Amino acid sequence: MNTIAETRSKSLLYLENVSVSFDGFKALNSLSFVVEPGELRAIIGPNGAGKTTMMDIITGKTRPDSGIVLFEDDIDLTRKDEADIAQLGIGRKFQKPTVFESHTVWDNLELALNRDRGVFGTLFYRLTPDDKARIEEILETIRMTARRNDLAANLSHGQKQWLEIGMLLAQEPKLLLVDEPVAGMTDAETTETAVLLKEIAKTRSVVVVEHDMGFIRDLGVKVTCLAEGSVLAEGSIDFVSSDPKVIENYLGR
Amino acid sequence: MSGFVFRALEGRIVIALAIILGVAAVVPALNLLTPPDSTFHIPTYAMSLMGKYLCYALLALALDLVWGYCGILSLGHGAFFALGGYAMGMYLMRQIGPRGVYGNPVLPDFMVFLNYKELPWFWHGFDWFAFAMLMVLVVPGLLAFIFGWFAFRSRVNGVYLSIITQAMTYALLLAFFRNDMGFGGNNGLTDFKDILGFSVQADGTRAVLFAVSAIMLALCLLLASAIVRSKFGKVLVGVRDAESRVRFLGFRVENIKLFTFVVSAMMAGIAGALFVPQVGIINPGEFAPANSIEVVVWTAVGGRGTLIGPIIGALLVNAGKSFFTGAFPEIWLFALGGLFIAVTLFLPRGIVGAIQHGYKARQALKAAAEAEKGRGSAETVAQAAQAAE
């Protein structure tokens, strides 16, 4: 058994005994959770298990009542706000695709690019050849090169999801949190999204929250099942889905 | 830096700038150089009236920057306008010197009347034009900064923010009504004589004031255009449409809003400062909440988020107001209310917004037709090729 100190020293994201309650409802109940560098991790769990709350805490939207949240061993995320945490290198995709609808696909990516985000930095920003190349590259990755000049509002639901993933890539995060990326996607889009996420996970850590068991199977990675604010089971998809507690709480008989 | 300005010069902005600058030259020329009986003569009162509209247009432009692009519906922009006006009014009061009714060389008339023994500390420096002009920017800017600092940091949004901006201007209205505030109470500041040594009544001075109003409008339009066309401007629209996305991309939304709010408040201050010498008075009535709401109406009528729209909206609504209050004084307010309802129902994008939208839709239709034709001709070529075989 590893000591806690050892687990911490090689973790990218480290949560220990994190609890938070809203009006008496315990959304997270001493949750502990570790993500290692370069890991792709799937999280499943019934509604109200605390999946989104966990992401809120990691990204600084919600402060925990107690517990430790560390990024890269020593950065205490509970003391930072959303903008700080995004600049540290944690990107987040929302459950509902959130892109800038009145901007073009290109502009969406340009805004997301990891550059000076200050008032004057953006006022006098000029698109450099490097930045241009980087945007082209991302367009290629998310397969939207042909739609670069279209308004994001005119994209299909699945394409918006992909654009948002592209924006996260532009942010060059070390850790990507992805909330239900395939909700509302066709089967073909779902399969392609699994390929895309695996591709992305080659160079950074990714945490995916998803309900779609087929998609999780496609990913073929370590799965964490949450229920009632804490970890119920952790391991391979076969191991987790055969766990009697998981079957009872989530998968159903 | 040059890129920043160059980007601002988008087609229709250039046209608008040319028109505004043309007006800045032509109207004063027609006033000063044509004989009063000529058909082309513009009487001084009409020129000053138009100058007043230009100040309103600048105020609407300022509001568009925060409302149209950043999504902050300020119902208190009249406060920044009035503060700029008071700064200019204080300079003009100090220029009266011993020519007041009471003949006091230092104290303005209302202070003599209220038994002031000496000039309040905050009146010092206002006899100096450069200082007063600085205050035209600093006072509204500072108020916007303090207000915005607290509001945006604590993430007050939407209708709640609108309500507190309204409360802000109302609080200032009540404060400025008080005689012991030292700003002339109910009557405000008036009886102005000179500006920079020139009589404010003289045709020449009025002509210059008109031209300066138009030029300031053009400069602010250029600045606003440069802001909204920069990457910062795209972030602004992002804040309007999906604030949390902007935040999770690592931008400090509160700083973005604060900067825009302060720039906008300063523009409103400039508008107020140019307004005062042309109408000859500034009083607490300018802080009235209804004034700030009217600015919102102008902006909505012209088309928010278009920069040019609010300018057109302010000019049209105010010209209409002048006409209707003369022709049908009793129905003017109904006309204004009806206008706002009609615009909301039938022209939700405003005049310029609707034109822009229609143009874009036609462009898209044309592009689609073109593509269709392209495919059609490809087919004919294919058929021809087949026939040749």
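Which residues does L28(A) touch, not counting residues up to four places away in sequence? Select V18(A), S19(A), V20(A), G50(A), T53(A), M54(A) and G229(A) to see them; touching, or being in contact, is when C-beta atoms placed from the backbone lie within 7 Å.

Before going on: this is a predicted model, where local features need pLDDT of at least 70, side-chain atom pairs count only at pLDDT 80 or more, and totals for chains, interfaces and linings use all residues. Residues are numbered from 1 along each chain as its sequence is written, while chains are lettered from A and ligands numbered from 1 in the order in which they are written.

Stay on L28(A), which sits in strand β2 (residues 25–35) of chain A. Strands are DSSP runs of E, at least two residues, and helices are runs of H or I, at least four, numbered from the N terminus. L28(A) counts as buried because it has 28 C-beta neighbours inside 10 Å (the cut-off is 20 or more; exposed is 12 or fewer, partly exposed in between).

Next, the contact between the chains: 24 residues come from chain B and 23 from chain A. On the chain B side, color α1 (2–8), α9 (231–241), α10 (243–248) and α11 (253–279), each supplying at least two residues. The largest share, 7 residues, is from α9(B).

Last stop, L59(B): select H77(B), F81(B), A268(B), A271(B) and V295(B), which L59(B) touches, leaving out residues up to four places away in sequence.

Methods:
Contact = placed C-beta atoms within 7 Å.
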